[in-house]
Amino acid sequence: MVIVVNNSAKIEVDVFDKNAQPKEKTELPLVFYIPIRKDLIRRAFHAEFTAGLQPKGRDPMAGKRTPAESLGVGRGLARVPRVPGTSEGAFAPMTVGGRVAHPIKTEEKIVEEINKKERLLATASAVAATSSIEFVKKRGHKFTSTALPIVLDSSIEKEITKLSEAKELLKKLGVWEDVERSYSRIRIRSGKGKMRGRRYIEPKSLLFVLSSINTPFAKAVRNLPGVDVVSANNLSILHLAPGGVPGRLTIYTKDSLLKLQERFKNIRVVLR
């Protein structure tokens with residue numbers, strides 16, 4: 001897959017140490033130059049989201065296990081099937097305990113399919129959107145950083161072991177405000193989802209893309225409100241564009257950028 005981009009200037013970003021001080025500069029991988037395709041990102045998100053849904057259906061005999069029959073006409077009663085010896089209605093869709101008019105069937109197609117190359121291009125496009133201040137602000141994230149994406153030195157994954165240390169780092173980077181935004185917006189869900197293990201709604205906040213999730217830094221930040229921690233190899237459209245909306249506020253480590261470059265090597269980007 002070859003993509004021609006009308007941009008000859010390569011993007012360099014600062015690499016921050018554990019004190020939020022610029023340590024060096026690094027060039028972003030070519031995946032960050034790919035044009036942002038909102039339509040493709042939304043379709044890929046829908047495909048990955050529906051892939052995790054559990055097929056469900058109804059028993060074909062549900063509501064039909066009854067001897068109820070209609071009494072017919074001429075009795076001054078509605079022609080609703082009634083249980084013998086009573087005036088209790090049954091079987092019909094509008095009766096208590098009756099059948100469902102149009103039940104959900106397991107044969108129903110609930111998974112959206114997408115081509116492999118389209119999925120790959122959509123994920124790469126969502127990665128590129130994390131470097132656009134315009135797209136990140138449109139998602140509602142709050143930050144004071146003037147350059148995106150934020151790249152941390154890989155040594156931070158082992159050096160920072162406590163939440164208090166991570167909090168100080170995020171404050172100095174100017175992204176802690178987004179965690180507070182997520183915490184202040186946690187609320188009780190409306191509807192019956194409250195009774196089904198989905199009581200609270202928690203807005204999405206920072207996304208940390210690390211070389212591995214089995215590091216002290218990952219364990220320190222993973223329980224923050226709205227925060228997700230993922231390795232570069234498992235990064236998906238569900239992390240990058242929740243709800244199909246690109247531009248999540250993302251923090252990378254230098255090693256994770258190298259892994260992303262290797263992962264998307266089949267997409268050849270030509271700069272003009």
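## Domains

The C-alpha centres of domain 1 and domain 2 lie 52 Å apart in this predicted model. Domain 1 is made of two stretches of the protein chain, 2–33 and 113–271. Domain 2 covers residues 54–110.

## Crossing of H1 and H2

Helix H1 spans residues 38–51 and helix H2 spans residues 116–129. Their axes come within 9 Å and cross at roughly 115°. The crossing of H1 and H2 is left-handed.

On the H1 side, the contact is made by Leu40, Ile41, Arg43, Ala44 and Glu48. H2 contributes Glu118, Arg119, Leu121, Ala122, Ser125 and Ala126. By type, the residues of this contact of H1 with H2 are 6 nonpolar, 1 polar and 4 charged.

## Nonpolar cores

The largest nonpolar core contains 35 residues. Ile34, Val127, Leu235, Ile237, Tyr252 and Leu260 have the most contacts inside this core. At least two of its residues come from each of these elements: strand E1 (2–5), strand E2 (12–16), H1, H2, strand E7 (207–210), helix H8 (237–240) and helix H9 (254–263).

Which residues is Ile34 in contact with, leaving aside its neighbours within four places in sequence? They are Ile3, Leu121, Ala124, Ser125, Ala128, Ile267 and Val269. Of these partners of Ile34, Leu121 and Ser125 are also on the H2 side of the contact with H1. Another core, of 27 residues, lies apart from the largest one. Its members include Phe143, Val175, Leu210 and Ala218.

## Backbone details

The peptide bond from Leu148 to Pro149 is cis, and its omega is near 0°. Pro149 sits in the loop between helix H3 (133–138) and strand E4 (150–152).

Two residues other than glycine have a positive phi: for Ala20 the value is about 65°, and for Phe91 it is near 70°. Ala20 is in the loop between E2 and strand E3 (22–27), while Phe91 is in the loop between H1 and H2. Is Ala20 buried or exposed? Ala20 is buried, because its relative accessible area is 11% and the cut-off for buried is under 20%. Phe91 has a relative accessibility of 29% and therefore counts as partly exposed.

Technical notes
Residues are numbered from 1 along each chain as its sequence is written. This is a predicted model: local features need pLDDT of at least 70, side-chain atom pairs count only at pLDDT 80 or more; totals for chains, interfaces and linings use all residues. Side-chain values use heavy atoms; hydrogens and water are left out. Domain bounds come from an automatic or database domain assignment. Axes are lines fitted to C-alpha atoms, for helices over the stretch in contact, and angles run from 0 to 180 degrees between N-to-C directions. Helices (H or I, at least four residues) and strands (E, at least two) are DSSP runs, numbered from the N terminus. A crossing is left-handed if the near helix is turned anticlockwise from the far one by less than a right angle, and right-handed if clockwise. Contact means heavy atoms within 4.5 Å. Ala, Val, Leu, Ile, Met, Phe, Trp, Tyr, Cys and Pro count as nonpolar, Asp, Glu, Lys and Arg as charged, and the others, Gly among them, as polar. A nonpolar core is a set of buried Ala, Val, Leu, Ile, Met, Phe, Trp, Tyr and Cys residues joined through side-chain atoms within 4.5 Å. Buried means under 20% relative accessible area, exposed over 50%, partly exposed in between (1.4 Å probe, protein chains only).
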